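Please look over the model below before reading my comments.

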Amino acid sequence: WDLLSDYGEAAVANPVLTKALTSGAAYVAGDLMAQVFEGRRRVETLDLGRCGRNGAAGLLLHGPGLHYWIQFLEGPFTNFLGGPGVASEWWAVAGKIALDQTVFSAVLNTLYALLIGAMAAKPAGE
């Protein structure tokens, strides 16, 4: 049984679902680690609702969103820059990184905060 090979096959066969599930699992693991670092070292002190909300955010927002964002960067944006022949030029890579670290991160972080707040039933101002 080759987990890495199986994952690669799943990512090719069902890329959005695979990335969504992977991101959801990573968000759950990340939140659990964050809670442990906050001092919640006993199971009964963990905020499992928060953990579930973060897993849902990874599953519904980050995984699919990142899939389509990368498709945009490698497709229409690369074509705008001059086509596949320029995709690995330093200035094309720098442009993709700049967009990723500004536009995408701002949109993702805003949507994450709104989604987490909505799932926690918090007022919009909070």
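**Notes on the model**

1. Leu 81 is found in helix α3. Helices here are DSSP runs (H or I, at least four residues), numbered from the N terminus. Leu 81 is partly exposed, at 24% relative accessible area. The classes are buried (under 20% relative accessible area), exposed (over 50%) and partly exposed in between, with a 1.4 Å probe and protein chains only. Leu 81 and Trp 1 are 80 residues apart in sequence, and their C-alpha atoms are 42 Å apart in space.

2. On the basis of the values: this is a predicted model, where local features need pLDDT of at least 70 and side-chain atom pairs count only at pLDDT 80 or more, while totals for chains, interfaces and linings use all residues. Residues are numbered from 1 along each chain as its sequence is written, and side-chain values use heavy atoms, with hydrogens and water left out.

3. The largest nonpolar core has 6 residues: Leu 61, Trp 69, Leu 73, Phe 77, Phe 104 and Leu 108. Helices α3 (48–81) and α4 (90–119) each supply at least two residues of this core. The biggest contribution is from α3, with 4 residues. Such a core is a set of buried Ala, Val, Leu, Ile, Met, Phe, Trp, Tyr and Cys residues joined through side-chain atoms within 4.5 Å. In soluble globular proteins, nonpolar side chains tend to be buried together.

4. Leu 73, one of the core residues, is also in contact with Thr 78, Lys 96 and Leu 99, leaving aside its neighbours within four places in sequence. Lys 96 is buried, at 8% relative accessible area. The side chains of Lys 96 and Glu 74 meet in a salt bridge, 3.2 Å from N to O. Lys 96 lies in helix α4 and Glu 74 in helix α3, so this pair ties together parts that are 22 residues apart in sequence. Glu 74 is partly exposed, at 46%.

5. How many salt bridges are there by this rule? The count comes to 5. The rule asks for a side-chain nitrogen of Lys or Arg within 4 Å of a carboxyl oxygen of Asp or Glu. Glu 44 pairs with Arg 42, with the closest N and O atoms 2.5 Å apart. Glu 44 is exposed at 57%, and Arg 42 is exposed at 56%.

6. Asp 31, Glu 38, Arg 40 and Arg 50 are linked in a network of salt bridges. Within it, Glu 38 bridges to Arg 40, the closest N and O atoms being 3.7 Å apart. Glu 38 is partly exposed at 47%. Arg 40 is partly exposed at 27%.

7. Ser 23 lies in helix α2 (residues 15–37). Is Ser 23 buried or exposed? Ser 23 is buried, with a relative accessible area of 7%. Not counting residues up to four places away in sequence, Ser 23 touches Gly 58, Leu 59, His 62 and Gly 63.

Definitions and conventions. Contact means heavy atoms within 4.5 Å.
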